[in-house]
Amino acid sequence: YGGLSEESLLAVREWECDKKDRCGKCEGQCSQDEDCEKDLVCYRRFGLELVPGCASQGVLAISYCFDPDDMMEAGSAGGSPGVGAVDTGGIEEVEETSMPTT
């Protein structure tokens, strides 16, 4: 998986993450940043967008916790094609990269 460890595989719990039982890196299903462990944020997905620092496509439209530092590293290495939205506590950032035009 391009240098990513097995722990980086996207995993979905049988129950949703929440403030009392937070998800770790590359774990889902989160709805907001508070559902993730400290220093992680919820990567909101609407399809099979790649999650920075995580391997595999995971489950369609499931959001996963990730380390925002991995997004910076992916951006400096050229990033991944597609669109990903990060839940930043009410302010939604959208990263756009090479998208095919119709």
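**Figure 1. Burial and overall makeup of the protein chain.** Of the 102 residues in the protein chain, 34% are buried (under 20% relative accessible area, with exposed set at over 50% and partly exposed in between, for a 1.4 Å probe and protein chains only). The model is predicted, so local features need pLDDT of at least 70 and side-chain atom pairs count only at pLDDT 80 or more, whereas totals for chains, interfaces and linings use all residues. Residues are numbered from 1 along each chain as its sequence is written, and side-chain values use heavy atoms, with hydrogens and water left out. The chain holds one helix and six strands, in the order β-β-β-β-α-β-β from the N terminus (DSSP runs numbered from the N terminus: helices are H or I of at least four residues, strands are E of at least two). Among contacts with a separation of 6 or more, 40% join residues 24 or more positions apart (contact: heavy atoms within 4.5 Å). The accessible surface is about 6,400 Å², and carbon and sulfur atoms hold 50% of that (Shrake-Rupley method, 1.4 Å probe; for residues, only the protein chains shown count as cover).

**Figure 2. Close-up of the salt bridge between D70 and K25.** The two side chains meet at 2.7 Å, N to O (salt bridge: a side-chain nitrogen of Lys or Arg within 4 Å of a carboxyl oxygen of Asp or Glu). D70 lies in helix α1 (residues 68-76) and K25 in the loop between β1 and β2 (27-28), so the pair ties together parts that are 45 residues apart in sequence. D70 counts as buried because its relative accessibility is 11%; K25, at 37%, is partly exposed. By this rule the count comes to one salt bridge.

**Figure 3. Close-up of a nonpolar surface patch.** V12, L48, V59 and L60 make a patch of about 330 Å² (patch residues have over 30% relative accessible area and no salt bridge; nonpolar side chains, meaning Val, Leu, Ile, Met, Phe, Trp and Tyr, are joined within 5 Å, and like charges within 9 Å). V12 belongs to strand β1 (residues 11-12) and is partly exposed, with 37% relative accessibility.
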